[in-house]
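Have the sequence handy as you go.

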Amino acid sequence: MQSCKIRILLLLILSVFISMHSCIVSADENLITINSGFENGVSSWFFNNITNAGGQVSYYEETGDDFVREGRFCLKMELPTAQASATMGNYNKSYSNAIQLEVGSMYEFSIWINTGDSAVSGGEGAYAMVRTYKADNGSGVGTGNAYYSTNHVKNTHGEWVKLSARFQAVVACPIQYIYIGFDANTSGTVYWDDAKLIKYEDKTTFGYYSFGENGEYEVFDIMPDVNIKAKLHIGAENDAPKSVVMVSTLYTKNDSGVPNLIAVEIVKTSSAAPTDVSQTKGFTVSSEQFLDADYYMKTFFLDDANALRHFRAAEIIQKAVIKPKNLFQNGDFETMNGDNSGPANWTPYDYSWNNSVSLCTQDVYSGQNCVKISTQQSNTNPYIRYDMTGLIPGTEYTIDVWFKTHASLGGSPIIKFQYYHDTTSLDGASQAALGLTGGAWNNATATVVAPENCNRMSILLRLNGSGEIYYDNLSFYVTKLPETLIIDSDTFFYTEWETGTVSVRVNNSIYTATDEATIDVKLKDGNTVIAQKSFLAAEDEFFTFDISDMSVIGKGYTLEAILYDYLGGNKIGKCEKTIYRYNRPTALNEKGEFIIDEKGEWITDGSAFVPVIGYHVYLDDRQLKAAKATGVNVVQGTGGTVSDAKIYLDNCYANGMKATLLLYSGMQIAGSDEKIENTIEVVTAVKDHPALFGYLIMDEPYLHYSNPYNDLVKSYKTIRDIDPVHPVIIQDSTSTGSSALCASCADILIIHDYAINIDVIDRFGIANTTNMFQASLDAFSGTNIQQKPIYFLGQTFGAATREEAEAVGEKYYLPTIDEAKNMLYQGVWLGAQGFGYYSFRESNWALINTPLYSGLTEFANKELSFLIDEFIMHKHTRIHESKDGDYWWRISQDGENIYVLVLNMAKTAKSITLPLKDNNGVSCIASYTGEKIGGTGLANTISGNGSISLNVPAHGTVVYKLTPGL
């Protein structure tokens, strides 16, 4: 019965909404009775601080037909040079002769504007404004003024555009001025015609209603999260009702003008009049809805005393042109800084304008200025920089830019994003290549998501390489706000897992939950709820469900999470995630290990195969053999075409190696629209090849794309539906903070942190590898993702010498073998189940020609088996270890043999003495002789009693095997 009443109420409300236009009719009588169309020149119009000749502004009647909307005349206002303050003309009446407004009535002022063939630039542009007064100060001058402003306009492209402001007279008041003109710091030419003020006849018999906090209409520059509030004041006069229902609607109009209802909010009051009724919530509009749309908000009030059959208040119509707010200040380069050396708010490369970066006034895209970047050098990469503040972590932003390059450009235009929390630099950066335009102006957009903790961003418009490029008309705006809730979970759950574990948490960057706030989580098959749980948002709880409840392999099931301000209360936010059930690839056992037989075939009861992966190993036998000498048994192979993949796999098989096929050539995700067909062809053709290890579907996806998640999911499903044996692999940088998202879409995640280069080695040292890798692993805590294998990719790239790197402007420093091993040990010590080397070749460099290569081959011959047995196969018994301070150490045992491992994280040598005892203080070996397995600058054999003393070089790694007895 209760639901029936609710449906009747909604039907009544909607019927009122449909018929509400009968409540307001326009008298359509122009209350501006003198010279509204400028047919009498400028009679009754006055221009403050304007001279008719020789000044910054002039006006005259236009007798031609080019820029006259109606009649023979219009008004032309010219402002060749921007002024710091607004420049306005006004329709001026004395207080006693002013247009008198009636309390409670609705009015609309409008005037038509045309900027001709040019454009208004700088400032906010041209606009009109109505100024009302509530009282006479006794001398014919109004007091207690209120302003009602139209939109601002910069360019009408030669068309007549109507500016309008709709408002309500909240008290009896006159209009004393109607302003038209230019906002501050604005210049250009504007034609004005046909000013009009009309009154709307309404049926209101009580009070007044308004938008905004000040009882005025507001023009909203609305972000995706819209918050428009309406307010009703119920006065005591005119038999005001005791109870009122207020209904607000938000809608768009389609091309035919038919309203498209988006949202309805209903607020009811039963307080004794006089009182105020306000919406308690605004409307939420998604980013998909708000772009390029005109939104209208209507609010009307129903007299509840008559059971909604009659109502005594008129509708309010507020038109808000919903558009993204441009967060750039001076994105068109029209405003100059204080010393006039360049555009305000922008910082040039090397902090100097008119060098490689300059202001250009020729061949601009629009307005008066653009910026030119030019250089003859290929390695300086000049730029202009904008520091954007006030950003919200997790928010998606889009940059829109017009740019122009010449056909002879030797470099490329790049937009680079650098992230900060206040003044602290955050790891990671991203960039977008814009392409070439061949001398014409082109438009491009790029999206970026502010990473965790990021509230400031440096945006660099660069020229990478030599040449000349122009930038103009930049916008930077929100395209998607972060979700109020965040679901941390795997995307693909294995059948062998009994339980699925999901973490749902409040996104504190945009919402702070109260102590009473609750989260309701459901697992759904369509509309059928399979499992659900409710818990307090402030508590760290996990939602668990039976994997078997997702009965169909490969089918999508929905995780739905809703945040309430209290149990069963108002809904604050909602998020959803689609999850799937799949069998684990049969090449992997339940521990995530590869199992192979003596021939290298995948089986379920053979010995574990520990992958050592070499990146950028070319096809020829020499390169494959060189990589194999360093212990590499898997290489990164091409997957460009079926033919390429088969040739590579055949060559690997002939050399006793396996290959991961790269399916993202051109840095396009394997499941993207551009790559999906090729991915299907390659996987179908090679899935049974004996040298196939797995499929790489993307490298650093969240560094190259703002939101690659859907394409990663599509990649996984596409491959696993074809090949049930081999794993899907993603490689990611620890700096992107996206490891959990990547791991949720893969069977294996390979993580890297390249800590060694000239820029950071002295700042962070080797320990940075640990910090970043551990942070990525921590992101998996509590979820099923932690049951997937994680590999660590070590840094082996650089230039042959530091001098050669600096000579060509590069900033790479080749790690020593001690540094390379140190980082590798850190990765496996923290839990990596496989590892690799990046890389063996670059375009003009080969690892085999460097001292590091011989160090890696020696490592493979003497030390690699110890690393695998100790940390990956866990064949040794751990006795004691520490990972605190400047060095890590571990003592372990295999039969009678004792192993001692020390990593020096410091940039200086360390003299270290370790007691050979377990963590209970019990000795594990008395006298001993020791054989060095790995390390530089130490004796090959040692002996001692009860302890071991070592002098470990800076960033060094030392391993000794101790045998009892002297």
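## A strand pair and its turn

Start with strands β35 (residues 518–525) and β36 (residues 528–536): they pair in the antiparallel sense, with eight bridges between them. Keep in mind that this is a predicted model.

The β35 and β36 strands make a hairpin, with two residues separating them. In that turn, Gly 526 has a positive phi of about 65°.

## Gln 636, a buried polar side chain

Next up is Gln 636, found in strand β43 (residues 634–638). Is Gln 636 buried or exposed? Its relative accessibility is 9%, and the cut-off for buried is under 20%, so Gln 636 counts as buried.

The side chain of Gln 636 has a polar contact of 3.5 Å with the side chain of Tyr 664. Setting aside neighbours within four places in sequence, Gln 636 also touches a run of residues from Gly 614 and Tyr 615 to His 616 and Val 617.

## Ile 572, partly exposed

Ile 572 belongs to strand β39 (residues 571–582). With 32% relative accessibility, Ile 572 counts as partly exposed.

Go 10 residues away in sequence and you reach Ile 562, whose C-alpha lies 7.6 Å from that of Ile 572. Again leaving out neighbours within four places in sequence, Ile 572 is in contact with Thr 484, Tyr 511, Leu 563, Tyr 564 and Asp 565.

Definitions and conventions. Residues numbered from 1 in each chain as written. Predicted model: local features only at pLDDT ≥ 70, side-chain atom pairs only at ≥ 80, totals over all residues. Heavy atoms only, no water. Pairing = 2+ DSSP bridges. Helix = DSSP H or I, 4+ residues; strand = E, 2+ residues; numbered from the N terminus. Buried < 20%, exposed > 50% of the residue type's maximum accessible area, 1.4 Å probe, protein only. Polar contact = N/O pair within 3.5 Å; in protein donor to acceptor, adjacent residues only side chain to side chain. Contact = heavy atoms within 4.5 Å.
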